[in-house]
Amino acid sequence: MKKPAIIIFGRDKILRYHLTKQLAHNGFKAYEAPEKCDVMTEYHSIQPDLIVVCSFRMDPEDKLSVIKKIRWFDKRIPIILITRFSTESRAIAALRAGVSDYFKVPFSSETLIQRIFRLLSDSKLETPGDNQPGKAGLIGRQLIGESKCMREIKNYLDKVARADSNVLITGETGTGKELSAEMIHIKSPRCANPFVCINSAALPETLVESELFGHERGAFTGAITEKPGKFELAGSGTVFLDEIGDMNHYAQAKILRSLESKEFFHLGGKRPVSFNARISRLRTKIRYN
């Protein structure tokens with residue numbers, strides 16, 4: 001199987017080196033692109049599956065022009081921005097420029113790798129002409145093992161998939177919680193619909209409501225157009241809330257209310273929006289010694 005290709009663009013040579021090493025360790029083919037390179041030349045030469053842009057200057061516009069250039073040419077490719085200087089206005093500008101996810105230094109390498117897997121899975125799910133759109137995301141990602149314990153887990157996931165109810169998945173880091181959520185979606189009647197992943201820990205508190213529920217034009221400064229939220233984009237598919245325990249309590253209460261009523265309001269909206277997505281929630285189990 002061809003390894004997914006990823007371009008790492010930015011000035012910081014040490015960060016590029018470490019990211020390249022970690023991506024290679026996780027089965028990706030990473031290409032370093034120093035800041036002096038023309039990112040579009042690298043794009044056409046490598047034809048990557050994902051691009052990581054590193055922005056370490058205080059200038060709010062640093063690298064946003066690069067992201068806009070990539071996004072203008074390719075509206076589908078996942079783009080991750082890694083930045084040292086993060087503010088609410090910068091986060092909003094980055095999202096409006098077209099980034100798929102946003103990490104502030106310092107960040108968890110494990111979380112970044114998990115998010116890359118998820119973004120690549122989502123991009124495969126959106127491929128036009130896919131005869132089985134729900135199953136594309138599991139290419140190369142399976143529950144491994146045929147022990148009695150693993151067979152019991154797989155059988156249990158099959159049963160959960162057939163029961164059309166919300167799911168809470170708990171477990172320690174690295175035990176396969178996200179993969180279990182994928183398996184439930186793929187094996188469920190909702191598999192032909194979107195699987196929308198929300199990185200709860202990476203969302204700035206001020207943007208949570210807008211990202212989840214969407215917003216109306218003029219709802220806040222910079223909201224020049226109406227934007228649907230993740231819940232709305234999921235349609236009748238599955239919404240996967242990654243590490244929901246890290247989300248602020250206000251947002252969790254809003255989600256709970258939406259689950260109970262099966263509707264929500266856009267930020268600044270006056271009419272309720274109905275939704276029928278299934279919710280899979282992931283929470284890391286903390287071990288106390």
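Mentor: Helices (H or I, at least four residues) and strands (E, at least two) are DSSP runs, numbered from the N terminus. This is a predicted model, where local features need pLDDT of at least 70, side-chain atom pairs count only at pLDDT 80 or more, and totals for chains, interfaces and linings use all residues. Residues are numbered from 1 along each chain as its sequence is written, and side-chain values use heavy atoms, leaving out hydrogens and water.

Trainee: OK, how many residues of helix H7 are buried?

Mentor: For H7, residues 177-187, the count is 10 of 11. Among them are Lys177, Glu178, Glu182 and His185.

Trainee: And Ala161, which helix is that in?

Mentor: Ala161 sits in H6, residues 148-162. Ala161 is buried, at 1% relative accessible area.

Trainee: What does Ala161 touch?

Mentor: Leaving out residues up to four places away in sequence, Ala161 touches Ile184, Lys187, Ser188, Pro189 and Arg278. Contact here means heavy atoms within 4.5 Å. The C-alpha atoms of Ala161 and His185 are 6.6 Å apart, though 24 residues separate the two along the chain.

Trainee: Switching topic: which residues have the most contacts inside the largest nonpolar core?

Mentor: Phe9, Ile51, Val53, Ile67, Ile70 and Leu81, in a core of 24 residues. A nonpolar core is a set of buried Ala, Val, Leu, Ile, Met, Phe, Trp, Tyr and Cys residues joined through side-chain atoms within 4.5 Å. Apart from that core lies another, of 20 residues, including Val196 and Phe275.

Trainee: What's Ile51 in contact with?

Mentor: Beyond neighbours within four places in sequence, Ile51 contacts Ile7, Tyr43, Ile70, Ile77, Pro78, Ile79 and Ile80.

Trainee: How do H3 and H4 pack?

Mentor: H3 (64-73) and H4 (88-97) pack at about 20 degrees, with axes 9 Å apart. Axes are lines fitted to C-alpha atoms, for helices over the stretch in contact, and angles run from 0 to 180 degrees between N-to-C directions. The two helices are therefore roughly parallel, a label for angles under 35 degrees.

Trainee: Which residues meet there?

Mentor: From H3, Leu64, Ile67, Lys68 and Arg71; from H4, Ala93, Ala94 and Ala97.

Trainee: And how many helices and strands in the chain?

Mentor: The chain has 10 helices and 13 strands, and 44% of its 289 residues count as buried.

Terms used
Parallel < 35°, antiparallel > 145°, perpendicular 65-115°, else oblique. Buried < 20%, exposed > 50% of the residue type's maximum accessible area, 1.4 Å probe, protein only.
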